[in-house]
Amino acid sequence: LFAVDVADPSMPRIMDRFCVPQPGKDWPSGAISSLAVGEGCVYVTSAPGGLFVIPVEGVKPAARPQGKLPENANYREQYPTDESEFFVYKPKKEGQARTVQVRGNIVYAAFGDAGLHVLEATPGKGFRKLAELEGRQVYDCAFCGDKLVTAEGLDGFAVYSLAGGPGVFREEQRRRR
(Lines give C-alpha, C1' and ligand atoms only; values in the text may rest on other atoms or scores of the structure.)
Protein backbone atom coordinates (compact mmCIF):
# COMPACT_ATOMS: atom_id res chain seq x y z
CA LEU A 1 0.00 0.00 0.00
CA PHE A 2 1.49 3.33 -1.04
CA ALA A 3 0.49 6.66 0.51
CA VAL A 4 0.76 9.31 -2.19
CA ASP A 5 0.52 13.08 -1.69
CA VAL A 6 -1.56 14.41 -4.59
CA ALA A 7 -2.00 17.96 -3.29
CA ASP A 8 -0.28 19.03 -6.51
CA PRO A 9 -1.65 16.57 -9.13
CA SER A 10 1.17 17.44 -11.53
CA MET A 11 3.77 16.33 -8.95
CA PRO A 12 2.51 13.30 -6.97
CA ARG A 13 4.90 12.30 -4.19
CA ILE A 14 5.18 8.93 -2.45
CA MET A 15 5.00 9.62 1.27
CA ASP A 16 5.10 6.10 2.71
CA ARG A 17 4.60 2.42 1.99
CA PHE A 18 3.01 -0.31 4.08
CA CYS A 19 3.99 -3.93 3.45
CA VAL A 20 1.66 -6.62 4.73
CA PRO A 21 3.74 -9.12 6.71
CA GLN A 22 3.70 -12.62 5.22
CA PRO A 23 5.73 -14.94 7.48
CA GLY A 24 7.76 -17.50 5.55
CA LYS A 25 7.39 -15.74 2.19
CA ASP A 26 10.26 -14.27 0.20
CA TRP A 27 8.35 -11.37 -1.38
CA PRO A 28 8.07 -7.95 0.26
CA SER A 29 4.32 -7.88 0.89
CA GLY A 30 1.14 -9.91 0.82
CA ALA A 31 -1.72 -8.99 -1.47
CA ILE A 32 -4.06 -6.34 -0.08
CA SER A 33 -7.68 -7.29 -0.67
CA SER A 34 -9.50 -4.22 0.66
CA LEU A 35 -8.99 -0.93 2.43
CA ALA A 36 -11.04 1.79 4.07
CA VAL A 37 -10.16 5.21 5.43
CA GLY A 38 -11.17 5.93 9.02
CA GLU A 39 -10.68 8.88 11.35
CA GLY A 40 -6.89 8.93 11.93
CA CYS A 41 -6.28 5.49 10.44
CA VAL A 42 -6.50 3.25 7.39
CA TYR A 43 -7.96 -0.26 7.61
CA VAL A 44 -6.28 -2.83 5.36
CA THR A 45 -7.24 -6.46 4.82
CA SER A 46 -5.04 -9.12 3.35
CA ALA A 47 -5.69 -12.77 2.62
CA PRO A 48 -4.34 -14.64 4.51
CA GLY A 49 -2.75 -11.85 6.58
CA GLY A 50 -5.94 -10.58 8.25
CA LEU A 51 -6.96 -7.07 9.28
CA PHE A 52 -4.45 -4.29 9.91
CA VAL A 53 -5.16 -0.83 11.34
CA ILE A 54 -2.53 1.71 10.31
CA PRO A 55 -2.43 4.99 12.26
CA VAL A 56 -2.17 7.96 9.87
CA GLU A 57 -2.15 11.40 11.43
CA GLY A 58 -4.69 13.79 9.91
CA VAL A 59 -6.42 11.29 7.60
CA LYS A 60 -10.20 11.17 7.57
CA PRO A 61 -12.91 9.78 5.31
CA ALA A 62 -14.08 12.01 2.48
CA ALA A 63 -17.23 13.95 3.32
CA ARG A 64 -20.08 12.87 1.08
CA PRO A 65 -23.55 14.38 0.90
CA GLN A 66 -26.09 11.95 2.29
CA GLY A 67 -28.84 12.85 -0.10
CA LYS A 68 -32.52 12.37 0.58
CA LEU A 69 -33.58 9.38 2.64
CA PRO A 70 -36.14 7.10 1.00
CA GLU A 71 -39.74 7.78 1.88
CA ASN A 72 -41.73 5.05 3.60
CA ALA A 73 -38.49 3.26 4.55
CA ASN A 74 -40.28 1.12 7.11
CA TYR A 75 -42.59 -0.40 4.52
CA ARG A 76 -42.57 -4.19 4.51
CA GLU A 77 -43.86 -5.93 1.42
CA GLN A 78 -46.51 -8.48 2.25
CA TYR A 79 -46.03 -11.62 0.25
CA PRO A 80 -47.88 -14.92 0.32
CA THR A 81 -46.17 -17.80 2.07
CA ASP A 82 -47.27 -21.35 1.41
CA GLU A 83 -46.59 -22.94 4.80
CA SER A 84 -47.00 -26.39 3.29
CA GLU A 85 -43.89 -25.65 1.19
CA PHE A 86 -41.56 -23.76 3.54
CA PHE A 87 -41.30 -21.93 6.86
CA VAL A 88 -40.63 -18.21 7.30
CA TYR A 89 -39.29 -16.32 10.30
CA LYS A 90 -39.71 -12.54 10.46
CA PRO A 91 -38.54 -10.57 13.49
CA LYS A 92 -41.11 -8.24 15.06
CA LYS A 93 -38.86 -5.23 14.47
CA GLU A 94 -38.28 -4.68 10.78
CA GLY A 95 -34.88 -5.73 9.56
CA GLN A 96 -33.36 -7.21 6.47
CA ALA A 97 -32.02 -10.76 6.71
CA ARG A 98 -28.28 -10.40 6.17
CA THR A 99 -26.53 -13.58 7.28
CA VAL A 100 -27.43 -16.95 8.73
CA GLN A 101 -25.10 -19.36 10.53
CA VAL A 102 -26.26 -22.83 11.54
CA ARG A 103 -24.98 -25.20 14.25
CA GLY A 104 -27.00 -28.42 14.39
CA ASN A 105 -30.61 -27.26 14.54
CA ILE A 106 -29.75 -23.83 16.01
CA VAL A 107 -29.83 -20.86 13.63
CA TYR A 108 -28.08 -17.53 14.30
CA ALA A 109 -29.68 -14.96 11.98
CA ALA A 110 -28.39 -11.39 11.58
CA PHE A 111 -31.27 -9.07 10.68
CA GLY A 112 -29.48 -5.69 10.51
CA ASP A 113 -31.56 -3.15 12.44
CA ALA A 114 -33.60 -5.95 14.04
CA GLY A 115 -30.47 -7.46 15.63
CA LEU A 116 -29.37 -11.07 15.96
CA HIS A 117 -31.97 -13.77 16.58
CA VAL A 118 -31.28 -17.30 17.79
CA LEU A 119 -33.79 -19.81 16.46
CA GLU A 120 -34.40 -23.50 16.85
CA ALA A 121 -35.24 -25.13 13.51
CA THR A 122 -37.41 -28.23 13.78
CA PRO A 123 -38.29 -30.29 10.70
CA GLY A 124 -42.00 -30.10 10.01
CA LYS A 125 -42.55 -27.35 12.58
CA GLY A 126 -40.39 -24.42 11.45
CA PHE A 127 -38.65 -21.93 13.70
CA ARG A 128 -38.93 -21.18 17.41
CA LYS A 129 -37.19 -18.11 18.75
CA LEU A 130 -34.83 -18.95 21.62
CA ALA A 131 -33.08 -15.64 22.20
CA GLU A 132 -32.08 -12.28 20.78
CA LEU A 133 -28.95 -10.16 21.11
CA GLU A 134 -30.85 -7.09 22.25
CA GLY A 135 -30.01 -3.47 21.55
CA ARG A 136 -27.60 -4.21 18.71
CA GLN A 137 -27.65 -3.76 14.95
CA VAL A 138 -26.10 -6.95 13.58
CA TYR A 139 -25.18 -7.13 9.91
CA ASP A 140 -23.04 -10.26 9.82
CA CYS A 141 -22.05 -13.16 12.03
CA ALA A 142 -19.67 -16.11 11.85
CA PHE A 143 -18.43 -18.88 14.09
CA CYS A 144 -14.81 -19.05 15.14
CA GLY A 145 -14.53 -22.27 17.10
CA ASP A 146 -16.95 -22.00 20.03
CA LYS A 147 -17.17 -18.21 19.67
CA LEU A 148 -19.58 -16.08 17.65
CA VAL A 149 -18.17 -13.00 15.90
CA THR A 150 -20.62 -10.27 14.91
CA ALA A 151 -20.35 -7.16 12.75
CA GLU A 152 -22.42 -4.50 14.54
CA GLY A 153 -22.28 -1.38 12.37
CA LEU A 154 -20.95 1.65 14.25
CA ASP A 155 -20.42 -0.53 17.34
CA GLY A 156 -17.63 -2.35 15.45
CA PHE A 157 -17.28 -6.07 15.76
CA ALA A 158 -17.61 -8.24 18.82
CA VAL A 159 -16.62 -11.72 19.93
CA TYR A 160 -19.10 -13.58 22.12
CA SER A 161 -18.64 -16.79 24.07
CA LEU A 162 -21.59 -19.15 23.70
CA ALA A 163 -20.37 -21.48 26.46
CA GLY A 164 -23.61 -20.93 28.41
CA GLY A 165 -25.64 -22.37 25.52
CA PRO A 166 -27.41 -21.01 22.45
CA GLY A 167 -28.46 -17.43 23.00
CA VAL A 168 -26.41 -16.92 26.17
CA PHE A 169 -24.08 -14.19 24.93
CA ARG A 170 -21.01 -13.27 26.99
CA GLU A 171 -19.05 -10.51 25.26
CA GLU A 172 -15.33 -11.27 25.36
CA GLN A 173 -13.91 -8.66 23.01
CA ARG A 174 -15.07 -5.63 21.04
CA ARG A 175 -13.27 -3.54 18.47
CA ARG A 176 -14.63 -0.12 17.59
CA ARG A 177 -13.30 2.15 14.91
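**Exercise 1. Find how strand S8 is joined to strand S9, and how many bridges do it.**

Step 1. Strand S9 covers residues 126-133, and seven bridges join S8 to it. Strands here are DSSP runs of E with at least two residues, numbered from the N terminus, and two strands pair if DSSP finds at least two bridges between them.

Step 2. Compare the directions: S8 and S9 run antiparallel.

Step 3. Look at the turn. The hairpin of S8 and S9 has three residues between the strands, and Gly124 takes a positive phi near 80° there.

Before going on, please note that this is a predicted model, in which local features need pLDDT of at least 70, side-chain atom pairs count only at pLDDT 80 or more, and totals for chains, interfaces and linings use all residues. Residues are numbered from 1 along each chain as its sequence is written, and side-chain values use heavy atoms, with hydrogens and water left out.

**Exercise 2. Describe the hairpin that S7 and S8 form.**

Step 1. Locate the strands: S7 spans residues 106-110 and S8 spans residues 116-122.

Step 2. These two strands run antiparallel and are joined by five bridges. Within the pair, Leu119 of S8 stands opposite Val107.

Step 3. Five residues lie between S7 and S8, and Gly112 in the turn has a positive phi of about 60°.

**Exercise 3. Which residue in S9 is the bridge partner of Glu120, and what do the side chains do?**

Step 1. The bridge partner of Glu120 in S9 is Arg128.

Step 2. Glu120 and Arg128 also form a salt bridge, with the closest N and O atoms 2.8 Å apart. A salt bridge is a side-chain nitrogen of Lys or Arg within 4 Å of a carboxyl oxygen of Asp or Glu. Side chains of opposite charge can pair when their charged atoms come close.

Step 3. Check the accessibility of Arg128: with a relative accessible area of 48%, this residue is partly exposed. (Buried means under 20% relative accessible area, exposed over 50%, and partly exposed in between, with a 1.4 Å probe and protein chains only.)

**Exercise 4. Which parts of the chain does the salt bridge of Glu152 with Arg136 tie together?**

Step 1. The closest N and O atoms of Glu152 and Arg136 are 3.4 Å apart.

Step 2. Glu152 lies in the loop between strand S11 (147-151) and strand S12 (157-161), while Arg136 lies in the loop between S9 and strand S10 (140-144), so the pair ties together parts that are 16 residues apart in sequence.

Step 3. Now the accessibility: Glu152 counts as buried at 2%, whereas Arg136 counts as partly exposed at 22%.

**Exercise 5. Where in the chain are Glu172 and Lys147, and how do their side chains meet?**

Step 1. The side chains of Glu172 and Lys147 meet in a salt bridge of 3.4 Å, N to O.

Step 2. This pair links distant parts of the chain, with Glu172 in strand S13 (residues 170-175) and Lys147 in strand S11, 25 residues apart.

Step 3. Both partners count as partly exposed: Glu172 at 33% and Lys147 at 22%.

Step 4. Widen the view. A search of the whole structure finds 11 salt bridges.

**Exercise 6. Is Ala31 buried or exposed, and where is its place?**

Step 1. Ala31 sits in the loop between strand S2 (13-17) and strand S3 (32-38).

Step 2. With a relative accessible area of 54%, Ala31 is exposed.

Step 3. Ala31 and Leu1 are 30 residues apart in sequence and 9.3 Å apart in space, C-alpha to C-alpha.

Definitions and conventions: Helix = DSSP H or I, 4+ residues; strand = E, 2+ residues; numbered from the N terminus.
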